[in-house]
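User: Please examine the model below and explain the terms used for its helix packing.

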Amino acid sequence: MRMATETELIKKPAPTLYVIIGIKVLKFLLFVTLAITMYTLSDNDLPADFQNLLHHLRFNPERKFWADLARRVGDLTTAKLLWAAAGTLVYSLFSLTEAVGLMFRVSWAGWLAIGESVFFIPIEIYELLHPVPHEQGRSGHPVTLLVILGLNVVIVWYLLRNRHRLFRHHHHG
């Protein structure tokens, strides 16, 4: 009975890995779009743009939620928006790096994806266990947080469990 070589093991289809790569690519696209949008809007009159958007969408700008959001938009400065755009761009490139590394099945990319997912798990659990009232600017809907938490747990579990089968390992000797 012949043992499979490392290359043969790596070339086997891995549908779950492809889903993880897809998530990383979508995350890259979402965050790079957000970064470009923030950069593009950085020199605009944001409060006026926000009021125009509310009017266009036929939302009542007098409602407390929209009035509070308008106040926050008014607090944004060009410098704050540019820093946020730069940080968002860097994070988007991090997701792209993970996706490309996972596509080529290099072990550092697996560890990078595991590390990123593990990093966010305690934050998501904390957010679920310590909800902030909506008026104070809650960061996310509990169902959304549960889905993201679930995805991160599955990513960590899958990559840890299958790391020897999925990734090339460089042996020194």
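User: What makes α5 oblique to α6?

Analyst: In this predicted model, helix α5, residues 78-103, packs against α6 at an angle of about 135°, and their axes lie 8 Å apart. Helices here are DSSP runs (H or I, at least four residues), numbered from the N terminus; axes are lines fitted to C-alpha atoms over the stretch in contact, with angles from 0 to 180 degrees between N-to-C directions. An angle under 35 degrees counts as roughly parallel, over 145 as roughly antiparallel, 65 to 115 as roughly perpendicular, and the rest as oblique. The pair α5 and α6 is therefore oblique.

User: Which residues of α5 and α6 meet?

Analyst: From α5, Tyr91, Phe94, Thr97, Glu98, Gly101 and Leu102 take part. Their partners in α6 are Trp108, Ala109, Gly110, Leu112, Ala113, Glu116 and Phe120. Contact requires heavy atoms within 4.5 Å. The residues of this contact of α5 with α6 comprise 8 nonpolar, 3 polar and 2 charged, where Ala, Val, Leu, Ile, Met, Phe, Trp, Tyr, Cys and Pro are nonpolar, Asp, Glu, Lys and Arg charged, and the others, Gly among them, polar.

User: In which sense do α5 and α6 cross, left-handed or right-handed?

Analyst: The crossing of α5 and α6 is left-handed: under this term, the near helix is turned anticlockwise from the far one by less than a right angle, clockwise being right-handed.

User: How do α6 and α7 cross?

Analyst: The axes of α6 and α7 come within 9 Å and cross at roughly 145°. The crossing of α6 past α7 is left-handed. The residues in contact include Trp111, Ile114, Phe120 and Glu124 of α6, and, from α7, Leu145, Ile148, Asn152 and Arg163 are among them. By class, the contact of α6 with α7 holds 18 nonpolar, 3 polar and 3 charged residues.

User: Why are α2 and α5 called roughly antiparallel?

Analyst: The angle between α2 and α5 is about 160°, and their axes are 8 Å apart. That angle falls in the roughly antiparallel class, and so α2 and α5 are described in this way. In passing α5, α2 makes a left-handed crossing. The contact of α2 with α5 has 23 nonpolar, 3 polar and 3 charged residues.

User: How do you know which residues and atoms were taken into account?

Analyst: Residues are numbered from 1 along each chain as its sequence is written, and side-chain values use heavy atoms, leaving out hydrogens and water. As the model is predicted, local features need pLDDT of at least 70 and side-chain atom pairs count only at pLDDT 80 or more, while totals for chains, interfaces and linings use all residues.

Key
Helix = DSSP H or I, 4+ residues; strand = E, 2+ residues; numbered from the N terminus.
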